[in-house]
Amino acid sequence: MAFAAFSTTTTPSTDPVARRRSPVALFLLLPGILYLMLFFLTPLVSLLLTSFQAPREFGDIGQYDYAFRWQNYVEVVTTYWPHIVRSFSYALAATFFALLISYPLAYFIGVKARSWPLLQSLMLVLVIAPFFISFLLRTLAWKQLFSDESFVVQSLKALSLLGPEAHVTGTAFSVIFGLTYNFIPFMTLPLYTTLERLDVRYLEAGNDLYASPFQVFRKVTIPLSMPGIVAGTLLTFIPAAGDYINASRDFLGGTGTQMMGNVIEANFLVLQNYPTAAALSIILMTVILVIVSIYVKRSGTEELL
Amino acid sequence: MAVGAFADRGADLKLVSIEKRFPGFTAIENLNLTIPAGSFFALLGPSGCGKTTTLRLVAGLEEPTNGRILIGGADVTNQKSFQRPVNTVFQSYALFPHMTVLENVAFGLRRRKIGDPVAKAHEALLLVELDHLAHRKPQQLSGGQQQRVALARAIVNRPALLLLDEPLGALDLKLRRQMQLELKTIQEEVGLTFLHVTHDQEEAMTMADTIAVMNKGRIEQMGEPQQLYELPKTAFVANFLGQSNLFTGPVVGTTSTAIAVDVSGEKIVVPVRRAHRASGQVTIGVRPEKLTLHTQGPIHDAGRNVMGPGRVIDVSFSGVSTQYLVAVPGVKTLVVFAQNVAFGPAVHVGAQVWLSWNIDHGFGLDDDPAEAPRYEADLDTKTIARQRRSSLITELEGA
């Protein structure tokens with residue numbers, strides 16, 4: 001009897017472990033895993049393989065064979081390094097300006113407008129409203145506004161703020177402007193969600209502890225809104241680095257403002273140089289991954305300070 | 001009063017005809033208050049009485065509509081919160097979640113660029129016996145520990161004036177008692193001026209040197225705890241600070257030492273020095289523990305007021321004492337606290353009793369009895385249920 005009692009008390013103790021390894025969870029995860037294998041892992045491997053392909057001997061344009069031609073990467077970097085550098089600097093600049101514009105906006109909607117919920121929802125709608133119009137159309141509209149005959153450019157020239165031969169479209173300014181403009185909602189919304197939950201009592205406590213409004217902002221508000229800043233900057237930086245619309249010659253860009261996205265597009269669709277396009281994509285992904293992981297790690301530790 | 005230096009001792013606080021209006025209501029009207037340096041002052045009142053607003057005005061988190069605030073003689077009315085030599089222990093503690101306990105405590109020192117902030121923060125944490133948790137995050141601490149960190153974070157700055165906004169509200173009773181003692185000890189040790197805002201009358205009485213009872217944006221009465229308890233000036237104070245049996249009636253006789261009030265035919269005597277008013281319609285009262293129960297009509301004694309006979313309608317035993325509710329016809333139900341010096345209750349429900357008390361224990365209020373009571377003592381559900389029952393019984397008996 002005593003043994004029986006003993007055994008019944010010991011079995012449940014091993015039970016939780018067994019239950020944690022239960023096949024039910026795995027079974028439930030299966031569709032997701034299959035989906036990722038099929039639509040994420042397979043294309044990724046295929047992309048990686050393509051990036052090492054070599055042109056077929058006596059083949060036509062766009063015909064390649066599987067090989068291990070690592071020189072593809074060397075060629076890509078030596079040929080396109082200005083585009084790579086440009087992509088990340090434009091993306092960085094756009095992220096910076098978007099943060100600069102979005103933070104006060106999100107702070108106003110999320111903190112200052114708390115006592116006026118109607119104003120709060122109205123402003124949120126205004127932030128999201130541009131999404132109702134295609135982003136291509138909006139970018140084209142900016143191209144119109146910045147075109148040489150536009151009122152804006154003509155006025156700037158009349159005021160001698162722009163030289164008579166100067167253009168706005170096709171410059172780094174217009175591309176960064178377009179990127180900033182297009183990604184502001186992606187920056188504002190995550191910032192808003194964190195700032196909306198910001199407990200103003202922490203700010204009062206900061207004030208009470210001899211911190212000036214600026215110090216409170218730097219030492220309390222910024223660290224507490226870090227999750228929103230990280231989410232917003234990533235949502236802006238990652239797509240901006242790979243963007244090919246704003247920098248395209250059909251939109252706000254010019255020959256001197258081509259980014260990686262444009263080069264990949266040209267190589268893939270026009271030149272049918274698939275290995276180069278694939279290698280560029282892999283480089284883009286890797287650099288973004290490295291930058292993002294360093295950034296997330298840094299911002300995580302900064303929060304602790 | 002430079003913010004850059006430690007205050008070597010507490011400063012006095014002076015509020016001069018302070019008024020605070022919010023859109024739609026007035027939180028504080030014409031408040032004048034002086035808190036002497038080094039004292040432990042409690043601002044006591046129910047929620048919504050304006051006590052927290054007063055504290056926020058002193059801290060600089062709100063601006064007064066009118067009036068001036070002086071700390072240590074210096075006018076700080078136009079100073080911003082971070083410029084005032086004041087620190088607050090917030091009700092929510094408001095410990096920065098992104099900093100360690102140590103960094104929270106050192107925050108104020110760093111902002112004021114005081115030398116060796118880490119060592120001073122450790123010192124303050126030692127004072128509240130939490131130095132071993134210095135490197136934890138606030139959310140890893142219990143409520144009581146967080147409260148102590150909040151206290152350390154405030155006192156480490158040696159403010160001329162420390163503001164406590166119901167800091168013990170979230171703690172359980174036992175921890176609260178312990179923290180009350182610790183707070184009091186710390187206040188005496190560091191000699192700072194404490195302004196403590198609370199709705200807990202027991203907390204105010206055990207800790208404060210002086211209590212100001214606040215109601216509807218005004219100070220009803222101010223004084224030492226004992227004075228406030230023994231000689232309340234208004235019905236609000238009489239009921240908010242402990243319980244009271246209050247009676248209203250006209251003054252029917254006056255001598256040089258006492259007044260006699262007619263309460264439903266009974267003549268109740270109150271000493272003149274304990275009565276705030278000596279003529280007309282007055283409200284007088286006596287504390288429940290001052291009443292004595294008699295099972296026979298007591299022999300008339302010039303030194304005692306007698307009321308009765310009445311009927312005991314409820315007996316509730318609470319360890320140290322027993323509370324009796326006695327319905328006296330013509331007068332409302334009286335509450336009696338009797339010490340349990342003998343085993344078991346002295347009388348049971350339904351018993352006929354008389355009540356008497358020493359005439360020196362009665363008090364006369366300053367309130368206008370015609371005025372409806374401005375505040376209903378917030379009673380626990382048990383008392384409310386008991387009152388319902390007693391009113392039902394009287395109703396049935398009347399039918």
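1. In this predicted model, strands β11 and β12 of chain B form a hairpin with three residues between them. Strand β11(B), which covers residues 245-254, and strand β12(B), which covers residues 258-263, pair in the antiparallel sense over three bridges.

2. Chain B is divided into domain 1, which comprises residues 13-226, and domain 2, which is given as 243-371 + 378-398. The C-alpha centres of domain 1 of chain B and domain 2 of chain B lie 39 Å apart.

3. Chain B also has an open sheet of four strands, in the order β2-β1-β4-β5, and the pairing is antiparallel. Strands β2 (25-35) and β5 (74-75) of chain B stand at the edges with a single partner strand each, so one side of each is left without a neighbour in the sheet. Helix α1 of chain B, residues 51-59, packs on this sheet, where it touches β1, β2 and β4 (66-71) of chain B, and the direction of the helix makes about 115° with that of β1(B).

4. Strand β1 of chain B, residues 13-22, runs antiparallel to β2(B), and seven bridges join the two strands. B:L13 stands opposite B:I35 of β2(B), while B:F22 has B:F25 of β2(B) as its bridge partner. The two strands β1(B) and β2(B) form a hairpin with two residues between them, and B:G24, which lies in the turn, has a positive phi of about 100°.

5. Are helices α4 and α5 of chain B roughly parallel or roughly antiparallel to each other? The axes of α4(B), residues 143-155, and α5(B), residues 173-190, come within 11 Å and cross at roughly 15°; the two helices are therefore roughly parallel to each other, and their crossing is right-handed. On the α4(B) side the contact is made by B:G144, B:Q147, B:R148, B:L151 and B:I155, which meet B:L175, B:M179, B:E182, B:L183 and B:I186 in α5(B). By class, the residues of this contact of α4(B) with α5(B) divide into six nonpolar, two polar and two charged.

6. Turning to chain A, the axes of helix α7(A), residues 172-196, and helix α10(A), residues 226-242, come within 8 Å and cross at roughly 160°. Helices α7(A) and α10(A) are therefore roughly antiparallel to each other, and α7(A) passes α10(A) in a right-handed crossing. The residues of α7(A) that make the contact are A:L179, A:F183, A:F186, A:M187, A:P190, A:L191 and A:T194, and those of α10(A) include A:P227, A:I229, A:L235 and A:P239, as well as A:G228 and A:G232. The contact of α7(A) with α10(A) has 12 nonpolar and five polar residues, and no charged residues.

7. How is helix α3 of chain A, residues 71-110, placed against helix α4 of chain A, residues 117-128? Their axes come within 9 Å and cross at roughly 150°, and α3(A) and α4(A) are therefore roughly antiparallel to each other. In α3(A) the residues A:L105, A:F108, A:I109 and A:G110 meet A:L119, A:Q120, A:M123, A:L124 and A:V127 of α4(A). The residues of this contact of α3(A) with α4(A) divide into seven nonpolar and two polar, with no charged residue.

Conventions
Residues numbered from 1 in each chain as written. Chains lettered and ligands numbered in written order. Predicted model: local features only at pLDDT ≥ 70, side-chain atom pairs only at ≥ 80, totals over all residues. Heavy atoms only, no water. Pairing = 2+ DSSP bridges. Domains from an automatic or database assignment. Contact = heavy atoms within 4.5 Å. Axes fitted to C-alpha atoms, helices over the stretch in contact; angles between N-to-C directions. Parallel < 35°, antiparallel > 145°, perpendicular 65-115°, else oblique. Left-handed = near helix turned anticlockwise from the far one by under 90°. Nonpolar A, V, L, I, M, F, W, Y, C, P; charged D, E, K, R; others polar.
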